[in-house]
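Hello,

Here is the structure I promised to pass on to you. Have a look at it first, and then read on for what turned up.

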Amino acid sequence: MQRYTKAQMAERVARDIPNGAYVNLGIGLPTMVANHLPRDREIILHTENGLLGMGPAPVTAVPGASFFHHADSFAMMRGGHLDFCVLGAFQVSVAGDLANWHTGAKDAIPAVGGAMDLAIGAKRVYVMMEHLTKQGDSKIVARCTYPLTGVRCVHRIFTDLAVLDVTPRGLAVVEMCDGLTYEELQALSGVPLARPSQSMEKH
């Protein structure tokens, strides 16, 4: 199989963000999305530290950008004013629960940031992550074993193997990388996945 590269993952996420959307990109892989936004769309990027109108990485400001106090930034996040957020994750459950701030390990450094605010405040939550851990375990799980960031908050998952929708009936396959079969994806994921033909209407 030919896994999606990080750039391809970022481009795929960017395609699902519509014109006129206000978007927050989390740290790590999600920051790459800024460099792949379609040029024919006006998409306004928001940062937690107080910038509306962020440009491509490294952090730049586009014409018309505004700067403000981080308390105002968090008010935007918590107040439901962001259309999308794209977050990384350690685990996502079949129900759309998100764990992305702490693995629970004694030597791990907790990094909540604004993820909890985004998870409950953004109108739609996308997760961008590698499908498997370095040990080969699926990051998509029946139930998260790491501390939760948000409950039933994730709408769509983008990995290096597939794009999955979180539906009331569980996870539904939207797309798979070239050379990967549904059966192989199912085996690697370790949780039930609806075939593309069985997918419910996309969120």
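**Around His102**

Leaving aside residues up to four places away in sequence, His102 touches Phe90, Ala108, Pro110, Tyr146 and Pro147, where contact means heavy atoms within 4.5 Å. His102 sits in the loop between strand 7 (98-99) and helix 3 (115-121); helices (H or I, at least four residues) and strands (E, at least two) are DSSP runs, numbered from the N terminus. With a relative accessible area of 14%, His102 is buried; buried means under 20% relative accessible area, exposed over 50% and partly exposed in between, using a 1.4 Å probe and protein chains only.

Before you go further, please note that this is a predicted model: local features need pLDDT of at least 70, side-chain atom pairs count only at pLDDT 80 or more, and totals for chains, interfaces and linings use all residues. Residues are numbered from 1 along each chain as its sequence is written, and side-chain values use heavy atoms, with hydrogens and water left out.

Ten strands form an open sheet in the order 4-3-2-1-5-8-10-11-12-13, with mixed pairing; two strands pair if DSSP finds at least two bridges between them. Strand 4 and strand 13 (193-194) stand at the edges with a single partner strand each, so one side of each has no neighbour in the sheet. Strand 5 and strand 8 pair in the parallel sense over four bridges, and Val86 has Tyr126 in strand 8 as its bridge partner.

Helix 1 (residues 6-15) has Met9, Ala10, Arg12, Val13 and Ala14 as its buried residues. What covers them includes strand 5 (84-87), strand 8 (124-128), strand 10 (156-158), strand 11 (162-167) and strand 12.

**Gly170 and Asp165**

Gly170 belongs to strand 12 (residues 170-176) and is buried, with a relative accessible area of 14%. Not counting residues up to four places away in sequence, Gly170 touches Val94 and Asp165. The C-alpha atoms of Gly170 and Cys85 are separated by 21 Å, and these two residues are 85 apart along the chain.

Asp165 is in strand 11 and counts as buried at 3% relative accessibility. Its side chain makes a polar contact with the side chain of Arg156 (2.6 Å). A polar contact is a pair of N or O atoms within 3.5 Å; within protein, one must be able to donate a hydrogen and the other to accept it, and residues adjacent in sequence count only if both atoms are side-chain atoms.

The largest pocket has a volume of about 1000 Å³. Of the 45 residues that line it, Gly26, Ile27, Gly28, Gly88 and Asn100 are the closest to its centre. A pocket here is an open set of points on a 1 Å grid over the protein atoms alone, where a 1.4 Å probe fits, with protein on both sides within 12 Å along at least five of seven lines; lining residues have an atom within 4 Å of a point. Grid points are joined across faces, edges and corners, and a volume is the space filled by probe spheres set on the points. Strand 1 (22-25), strand 2 (44-47) and strand 3 (51-54) each supply at least two residues of the lining of the largest pocket.

The second largest pocket has a volume of about 400 Å³. Its lining has 19 residues, and Arg41, Ile43, Ile44, Met54 and Val62 lie nearest its centre.

Enjoy exploring!
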